[in-house]
Amino acid sequence: PQEIPKGMDMKKVISTTLALALLGTVALAQAPATPPAKQEREALMRANNGAMRALMPLVANFDAAAARAQGQILVDNGGKMAAQYAPGTDQNDDEVQPVTWTDAAGFKAAADKFTADAAMIGVATDGPGLQAAIQAVNADCTGCHRTYRLQAARGRGGPPPAPPAAQ
């Protein structure tokens, strides 16, 4: 145990410690919580990622039933995407470009294309057909993320910083 320096009484030490603890608690309580809409979007994207990862080995070891099951996850989630990014769901989401909400028609078209391409996974009859369908869906994901996602928000690339202005 440390000794209390001369000139400080125990009441001051305790009151200062309690005040600092209270301030820390208040600061944590005021930190913005992740909005439910953002949590739902993240869960949807994680499920899409999981389905895509599950499909990859099926190209070499084709299993129509397994491909259909994973493809259906993507189709179902594609049908939910436009609603997940509906007007009013943009609060506190630092990973999404504002254009997502200002170009709702473009975003819906991208989600519809994703859904249509994901449906092709379910009708693949062999590994090469599945691979072509996976490539189409992957291109949809890439295109949508380039347009509607702030890549730098997660440290996953994005455009390089602009060079300093010449003086």
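Student: Where does valine 123 lie?
Tutor: The setting is a predicted model, in which local features need pLDDT of at least 70, side-chain atom pairs count only at pLDDT 80 or more, and totals for chains, interfaces and linings use all residues. Residues are numbered from 1 along each chain as its sequence is written, and side-chain values use heavy atoms, with hydrogens and water left out. Elements are DSSP runs numbered from the N terminus (helices: H or I, at least four residues; strands: E, at least two). On that basis, valine 123 lies in the loop between α5 and α6.

Student: Is valine 123 buried or exposed?
Tutor: The classes rest on relative accessible area, found with a 1.4 Å probe on protein chains only: buried is under 20%, exposed is over 50%, and partly exposed is in between. Valine 123 has a relative accessibility of 54%, and therefore it counts as exposed.

Student: How far apart in space are valine 123 and alanine 67?
Tutor: Along the sequence, 56 residues separate valine 123 from alanine 67. In space, the distance from C-alpha to C-alpha is 8.7 Å.

Student: How many helices and strands are there in the protein?
Tutor: From the N terminus on, the elements read α-α-α-α-α-α. The count is accordingly six helices and zero strands.

Student: Which elements do the buried residues of α5 pack against?
Tutor: The buried residues of α5 are Phe107, Ala111, Phe114, Thr115, Asp117, Ala118 and Ile121. Packing is judged by contact, meaning heavy atoms within 4.5 Å. The partners are α2 (36–60), α3 (64–84), α4 (99–102) and α6 (127–148).

Student: What is the relative accessible area of methionine 120?
Tutor: Methionine 120 lies in helix α5. Its C-alpha is 9.1 Å from that of alanine 136, a residue 16 places away in sequence. Methionine 120 is classed as partly exposed because its relative accessible area is 46%.

Student: Which residues is alanine 133 in contact with, leaving aside its neighbours within four places in sequence?
Tutor: Alanine 133 has its place in helix α6, and it is buried because its relative accessible area is 6%. Glycine 71 is 62 residues from alanine 133 in sequence, with 9.6 Å between their C-alpha atoms. Once neighbours within four places are set aside, the contacts of alanine 133 are Met120 and Ile121.

Student: What distance separates the C-alpha atoms of alanine 66 and alanine 54?
Tutor: Alanine 66 lies in helix α3, and with a relative accessibility of 25% it counts as partly exposed. Alanine 54 is 12 residues away along the chain, and the two C-alpha atoms are separated by 8.7 Å.

Student: Of the contacts between residues at least 6 apart in sequence, what share joins residues at least 24 apart?
Tutor: The protein has 167 residues, of which 26% count as buried. Among its contacts between residues at least 6 apart, the share joining residues at least 24 apart is 72%.

Student: What part of the accessible surface belongs to carbon and sulfur atoms?
Tutor: Accessible areas come from the Shrake-Rupley method with a 1.4 Å probe, and for residues only the protein chains shown count as cover. The surface comes to about 11,000 Å², and the part belonging to carbon and sulfur atoms is 61%.
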